[in-house]
Amino acid sequence: RQAQLVGQVAENANTFEAVATAWIASRAKWSPYYRKQIERTLRVDAYPYIGTLPMRSIKPAHLLAIVERIEGRGAATLAILLLQWLSAIFRFAVLKLLADTDPAAALRGAIDRPKVSHKKPLSKTDIPVFMKALSSYGGYRITVIAIRLLMLTFVRPGELRQAEWKEFDLNAALWNIPASRMKMREPHTVPLSAQAIELLRELNKYSGGQDYLFPNLRTPKTCMTITTLNRALERMGYGGIFSAHGFRATASTILNELNYRSDVIERQLAHKEKNAIRNAYNRAEYLPERVAMMQAWANLIDDMANPQS
């Protein structure tokens with residue numbers, strides 16, 4: 001039977017790996033990070049089991065075994081994602097007349113989605129304690145700067161970790177993140193407070209000669225991992241309590257309590273406005289307000305971290 005399959009592969013070159021590769025190549029709008037995530041998952045978890053099989057020979061049972069294997073190692077979210085990617089590959093194959101059906105469609109709901117546990121944001125009273133813990137953190141200074149910049153800019157952790165020096169204009173006090181690295185695939189401008197500029201000038205002494213602000217210490221041509229930030233928070237005593245992503249909710253909650261306009265806060269969080277005309281208007285019109293808000297936010301953090309006795 002295996003010899004027959006090998007012969008069939010040689011005859012029509014219609015293997016799962018070949019079709020998956022063509023599917024990936026057809027998706028030009030993906031970010032490099034997302035593309036690498038899919039390629040790695042397929043390479044590790046799918047190709048060893050069905051990579052050489054012709055598309056029409058793959059059954060739901062083949063795919064179920066793959067996703068259950070991933071779920072069994074405690075990665076249910078990845079199993080669900082892979083099932084979605086497998087389905088997309090088969091739908092692509094159907095359109096190209098390389099498959100008749102999508103066997104992944106029969107497996108919807110086969111993996112239970114894990115419950116999301118949202119960690120609470122820091123409150124005004126939490127921030128002085130957090131800043132004291134951060135100041136006494138004994139790890140790398142670059143990691144401390146990364147955490148402080150996350151707090152000051154409240155961008156997504158991936159947007160900071162993958163930041164490159166070419167995106168920054170320190171004289172204009174602006175950080176322009178390209179659309180390719182944004183979740184909503186739109187360019188995003190981050191006004192930089194005086195405190196953020198000071199940290200970036202210090203950081204430049206460590207990594208100014210490299211592409212990334214936060215290069216990986218083991219492989220400098222890649223960026224810092226999310227694990228680095230969350231491990232630092234764990235060592236500070238915040239494991240299971242607070243994560244690197246939580247600075248966004250922290251800033252949003254406090255700034256809303258201080259009655260900053262929600263439209264301005266949402267724009268700074270890079271949450272996409274559904275109305276296209278309003279979206280373009282917001283992007284241009286709110287920048288002066290965002291500049292003022294970001295500086296006020298940085299000042300507020302300093303005030304909360306150093307309460308007057």
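Select Gln268 to begin; the residue is found in helix α12. Helices here are DSSP runs of H or I with at least four residues, strands are E runs of at least two, and both are numbered from the N terminus. The model is predicted, so local features need pLDDT of at least 70 and side-chain atom pairs count only at pLDDT 80 or more, while totals for chains, interfaces and linings use all residues. Residues are numbered from 1 along each chain as its sequence is written, and side-chain values use heavy atoms, with hydrogens and water left out.

Gln268 has a relative accessible area of 1% and is therefore buried (under 20% is buried, over 50% exposed, and in between partly exposed, with a 1.4 Å probe and protein chains only). Show its surroundings next: leaving out residues up to four places away in sequence, Gln268 touches Phe154, His188, Thr189, Val190, Pro191, Arg290, Met293 and Met294. Such contact means heavy atoms within 4.5 Å.

Now select Phe130, Ile147, Trp175, Leu200, Phe214 and Met236. These residues have the most contacts inside the largest nonpolar core, which has 58 residues. A nonpolar core is a set of buried Ala, Val, Leu, Ile, Met, Phe, Trp, Tyr and Cys residues joined through side-chain atoms within 4.5 Å. Helix α7 gives the most to this core, with nine residues. Centre the view on Leu200: beyond its neighbours within four places in sequence, Leu200 is in contact with Leu149, Trp165, Phe168, Leu170, Leu192 and Leu213. Apart from this core lies another, of 35 residues, including Phe16, Leu53, Ala79 and Leu83.

Which residues line the largest cavity? Select Met131, Arg148, Met151, Leu152, Ile301 and Asp302 to see its lining. A cavity is a set of points on a 1 Å grid over the protein atoms alone where a 1.4 Å probe fits but cannot get out, whereas a pocket is an open set with protein on both sides within 12 Å along at least five of seven lines; lining residues have an atom within 4 Å of a point. About 40 Å³ of space lies in the largest cavity, a volume being the space filled by probe spheres set on the points, which are joined across faces, edges and corners. Helix α7 gives the most to this lining, with three residues.

For the second largest pocket, select Tyr140, Asn216, Leu217, Thr225 and Thr228, which lie nearest its centre among the 15 lining residues. This pocket has a volume of about 460 Å³. The largest share of its lining, four residues, comes from α10.

A salt bridge is a side-chain nitrogen of Lys or Arg within 4 Å of a carboxyl oxygen of Asp or Glu. Because Arg231 and Glu234 are three residues apart in helix α10, about one helical turn separates them.

Move to Arg73 and Asp45, another salt bridge, with the closest N and O atoms 2.9 Å apart. This pair links distant parts of the chain, 28 residues apart: Arg73 is in the loop between α4 (60–72) and α5 (76–95), and Asp45 is in helix α3 (residues 32–50). Arg73 counts as partly exposed at 48% relative accessibility, and Asp45 as buried at 8%.

Finish at Asn171, in the loop between β1 (168–169) and β2. Is Asn171 buried or exposed? At 76% relative accessibility, Asn171 counts as exposed.
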